[in-house]
Amino acid sequence: MTDDDSVTDGGRRNSLPADREEPVGEPVVRADPAVTGERAREAVGFDPDDPESVAEAAETVRAFSENTIGSEDNVYMLRGAAACAALVRGVGSYKAAAARAGGDVSVSFIRKWARVHDLPQAVRRHVARGHIAPTAAKHIARVSGPDRFDLAWAVLDGDLTVREVRRVASEVNDGRPVADALTERGVRPGRLELSISTAHYRELRRRASLENRTPGDIADEALDDYLG
């Protein structure tokens with residue numbers, strides 16, 4: 001298959017789950033009331049193995065392609081991304097998906113949004129909440145593995161613009177370490193401002209002083225035990 005015909009991003013896996021693991025088209029995030037509130041009831045799933053659902057996905061993709069510019073409805077954008085992913089799986093290739101959707105739908109359009117749907121759930125939840133713009137998510141989805149998380153969290157903690165996300169994604173794909181690209185833009189991976197209870201803060205500072213360590217070292221050690 002050529003790149004335009006490929007239906008996956010290469011199946012890359014790392015020690016960290018950096019790609020979507022739920023069934024394609026399943027509205028895991030969109031159907032969660034904790035994320036989308038009352039709109040969770042409106043969540044629509046797409047089954048790539050069901051011809052009727054594939055037909056609905058094709059209609060959704062075409063409508064989505066005609067109404068994405070300037071859209072601020074992140075949940076709507078995720079629904080369109082889900083339709084793109086399900087349509088590709090349902091018909092077998094990006095080219096066939098574009099032809100099935102019809103209109104001015106392009107292979108590039110479907111590929112970009114299908115990749116957004118393949119982002120890990122932890123990232124897509126922030127898209128649904130409005131913390132990460134769908135246009136930024138498209139560029140985050142261009143990189144693979146743990147770099148996806150590093151770039152996504154940089155949007156949250158470093159307030160990166162969509163243009164900056166696009167440039168970082170391009171640099172990473174050209175072989176530059178993501179940490180270097182982010183540091184150049186004033187974002188230091190691993191730096192996070194947290195609020196903890198006064199009691200925990202007091203004890204953390206006390207132990208760090210007694211052990212001649214930084215609070216960050218102790219917190220990192222504790223997180224290593226907690227996160228396994």
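This report describes the helices of a predicted model, the packing between them and several individual residues.

## Basis and overall composition

The structure is a predicted model, in which local features need pLDDT of at least 70 and side-chain atom pairs count only at pLDDT 80 or more, while totals for chains, interfaces and linings use all residues. Residues are numbered from 1 along each chain as its sequence is written, and side-chain values use heavy atoms, with hydrogens and water left out.

The pLDDT is the predictor's confidence in each residue, on a scale from 0 to 100. The chain has an average pLDDT of 88, and 88% of the residues score at least 70. Residues 1–18 have a pLDDT below 50. In the model, this stretch has 39 contacts beyond near neighbours in sequence; a contact means heavy atoms within 4.5 Å.

The chain contains 12 helices and zero strands. Helices (H or I, at least four residues) and strands (E, at least two) are DSSP runs, numbered from the N terminus. Along the sequence, the pattern is α-α-α-α-α-α-α-α-α-α-α-α. Of the 228 residues, 39% count as buried. Here buried means under 20% relative accessible area, exposed means over 50%, and partly exposed lies in between, with a 1.4 Å probe and protein chains only. Among contacts between residues at least 6 apart in sequence, 59% join residues at least 24 apart.

## Two helix pairs

Two packed helices are described by the angle between their axes and the distance between the axes. The axes are lines fitted to C-alpha atoms, for helices over the stretch in contact, and the angles run from 0 to 180 degrees between N-to-C directions.

Helix α3 (residues 74–91) packs with helix α4 (residues 94–101) at an angle of about 110 degrees, and their axes are 8 Å apart. That makes α3 roughly perpendicular to α4. Angles under 35 degrees count as roughly parallel, over 145 as roughly antiparallel, 65 to 115 as roughly perpendicular and the rest as oblique. From α3 the contact involves L87, V88 and V91, and from α4 it involves Y94, A96, A97, R100 and A101. These residues divide into seven nonpolar, no polar and one charged. In this classification, Ala, Val, Leu, Ile, Met, Phe, Trp, Tyr, Cys and Pro count as nonpolar, Asp, Glu, Lys and Arg as charged, and the others, Gly among them, as polar.

Helix α2 (residues 51–65) packs with α5 at an angle of about 105 degrees, with the axes 12 Å apart. That makes α2 roughly perpendicular to α5. V61, F64 and S65 of α2 meet F109, I110 and W113 of α5. By class, the contact of α2 with α5 has five nonpolar, one polar and no charged residues.

## Helix α6 and its surroundings

In helix α6 (residues 121–129), the buried residues are V123, R124, R125, H126, V127 and A128. They pack against α1 (33–36), α3, α5 (107–117), α7 (134–140) and α8. R124 counts as buried because its relative accessibility is 4%. The C-alpha atoms of R124 and V75 are separated by 9.8 Å, although the two residues are 49 residues apart along the chain. Just after α6, G130 takes a positive phi of about 90 degrees.

## Individual residues

Y94, which is found in helix α4, is buried, with a relative accessible area of 2%. Its C-alpha atom is separated by 9.1 Å from that of C84, 10 residues away along the chain.

R188 is found in the loop between α10 (178–184) and α11 (198–210). The C-alpha atoms of R188 and D150 are 9.9 Å apart in space, and the two residues are 38 residues apart in sequence.

Most residues other than glycine have a negative phi. D159, in the loop between α8 (146–158) and α9 (162–173), has a positive phi near 55 degrees. N212, in the loop between α11 and α12 (215–227), also has a positive phi, near 55 degrees.

| Residue | Relative accessible area | Class |
|---|---|---|
| R188 | R188: 54% | R188: exposed |
| D159 | D159: 66% | D159: exposed |
| N212 | N212: 73% | N212: exposed |
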